[in-house]
Amino acid sequence: MTYVPHSQAERQAMLAAIGVDCVEDLFAAVPQALRFPKVSLPEPLSEMEILQELQWMSEINADLNHYACFLGAGAYNHYVPSVVDHVISRSEFYTAYTPYQPEVSQGTLQTIFEYQSMICALTGMEVANASHYDGATSMAEAVLMAVAVRRGKRRKVILAPTIHPEYRETVRTYTQGMGLTVTGDDPGKLGEGTGFDLEALKALLDSDTACLIVQNPDFFGQMKSPAALQGLADAVHEAGAMFIVSADPISLGLFTPPGDYGADVVVGEGQPLGNAISFGGPYLGYFACKDRFKHKMAGRVVGETVDTQGRRGFVLTLVAREQHIRREKATSNICSNQALCALAAGVYLATLGKRGLRTVAELCYHKAHYAASQIAALDGYELVSKDPFFKEFVVHFPRPVSEVNRYLLEEWGIIGGYDLGQVFPHLAGCALLCTTEMNPKEEIDYLVEALAEVGHE
Amino acid sequence: MKLDKDCRYAETHEWVRVEGNEAITGISDYAQEQLSDVVYVELPEIGDSFAKGEAYATVESVKAASEVYMPIGGEIIEINGELEARPQLVNEDPFGAAWFARFTIADPSELDDLMDADAYEKFIAEEEAKGGH
């Protein structure tokens, strides 16, 4: 069959209707030299040859199967059980599009419902949506929601300076043109090193504040105590604003869920839950909130119900919030969810269970603390993280981070930490290192040996 | 279509009933009919102030979400919490049990811009004749 739906006669009729002779005439405004340039391409290859070439190119990448990785900073190398790929590769899930029709989409709807339920359990919230694009956009959606909850009357958004820098940028991108004041995250607000004082954020609260956002564990891996965060939550609520927390979902397998210390909305990057790092995406942003805000929540929500014969079934619910009904009055006009990534997260959580997730979190925590203590004992290296930390920590290197990283990569086959000086000038020379259950003790010792050597060069 | 003779009406189909310095407001029977089944009513916070014509509430039906406007300006002193649990009241009793909010009247002269029941009935007939509402 032909994949071009229009016949020559139909095309001629359309061209005649707009008054041109041929399709090329439509491009007359483009300079002749640029119109149909000769593209210099190599000769065609057979399927076998092109596969070999692509294989060769892909092997130039430093991939996680062949390198030891101590890089995190928002994307995390966790083990993905093989059952995850087996389930999500089923064609019923792999090809399904928007599940608007419950009569033909019960399986997909049920997996989304289960994903939402597990996100609620993990965060201590009452309602979760079917996901957003990634952690950064789910934070931006939380800001839009907080503004919508107060009917746009409150215009100030307070961000902790320890939130992932790209998340803070995304919030600004999403809200540009809305006339909001996004404040609080000037790196100057950070104290010595990576420490920061919740009191400084409290001081910014006023009657114009729509929401205040913290990340916990923060971008540097540090955690505040539930009591301190509850104190902050109380102050936020006192000011009539919403308290939003961004959290690494793996950490919630071990530490207090944000719902227990006063969060109204919990968001975060869902990639650590059964999704591969895959060069930065696709990921998923999880989003959960208290029940009373559900009408202002963006995105899609699946609910459990019964049919006319009393049998359990799943449907999209609360659809009046969505763009196709609320249109310009919707909280957000992005309703896309990352269904396949959310399915992976759901299968991952169901596979590990509570105990398994806790074990993963404990392994991350203990390995990070082992690595930090070993590195801090090296000459010239200083542990900058002072607060309790989860799976990431900050170290000051004796030489520029970019130099150390190049050496680790080329001489030792190690992917080093995130160079904090790129974003935080006062942290030049500091690296953010990450360990997960994927770093065996021998690999950590190997990193320590490599750092000792590069430190002495 | 029901009308309440004691109310005054805005062209955006809200009613207001004056009680001394205060007033209560809701949406008309005609408005609820146009919306079809109401599934959610979002009300303002007590203490919020709105100018005449400013959106202060939202009604979600199975077919649309619509803003509800203040017929005259004022400060919200009471909201009808019953609507949260029973939004269908808007369809059942728009002039009674489904009042939206009580507020203090900022400027009584703003009432002069509103229609009485007869004028409102005529206004609807004209709108219907135009084919729009």
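So, what is the angle at which helix α12 of chain A and helix α14 of chain A pack? About 25°, with the axes 10 Å apart. Here the axes are lines fitted to C-alpha atoms, for helices over the stretch in contact, and angles run from 0 to 180 degrees between N-to-C directions.

Quick housekeeping. This is a predicted model, where local features need pLDDT of at least 70, side-chain atom pairs count only at pLDDT 80 or more, and totals for chains, interfaces and linings use all residues. Residues are numbered from 1 along each chain as its sequence is written, and chains are lettered from A and ligands numbered from 1 in the order in which they are written.

Back to the helix pair. α12 covers residues 339-376 and α14 covers residues 441-456, both in chain A; helices (H or I, at least four residues) and strands (E, at least two) are DSSP runs, numbered from the N terminus. α12(A) and α14(A) are therefore roughly parallel, a label for angles under 35 degrees. On the α12(A) side, the contact uses A:Lys367, A:Tyr370, A:Ala371, A:Gln374 and A:Ile375, and α14(A) brings A:Ile444, A:Val448 and A:Leu451. Contact means C-beta atoms, placed from the backbone, within 7 Å. By class that's six nonpolar, one polar and one charged residues. For the classes, Ala, Val, Leu, Ile, Met, Phe, Trp, Tyr, Cys and Pro are nonpolar, Asp, Glu, Lys and Arg charged, and the others, Gly among them, polar.

Now zoom out to the domains of chain A. The assignment, with bounds from an automatic or database source, gives domain 1 as 68-78 + 354-456 and domain 2 as 82-349. Their centres, taken over C-alpha atoms, sit 28 Å apart. In the contact, 27 residues of domain 1 meet 23 residues of domain 2. And α12(A) turns up again: it gives the most to the domain 1 side, with seven residues. That side splits into 16 nonpolar, five polar and six charged residues.

What about the other chain? Eight residues from chain B and five from chain A make the contact. On the chain B side, β4 (38-42), β6 (55-61) and β7 (65-69) each give two or more residues, with the largest share, three residues, coming from β4(B). The chain B side has four nonpolar, one polar and three charged residues.

Last stop, helix α4 of chain B, residues 117-130. Its 14 residues reach 20 Å from first C-alpha to last, close to the 20 Å expected at 1.5 Å a residue. Just after α4(B), B:Gly131 takes a positive phi of about 85°.

Terms used: Parallel < 35°, antiparallel > 145°, perpendicular 65-115°, else oblique. Contact = placed C-beta atoms within 7 Å. Expected span 1.5 Å × (residues − 1).
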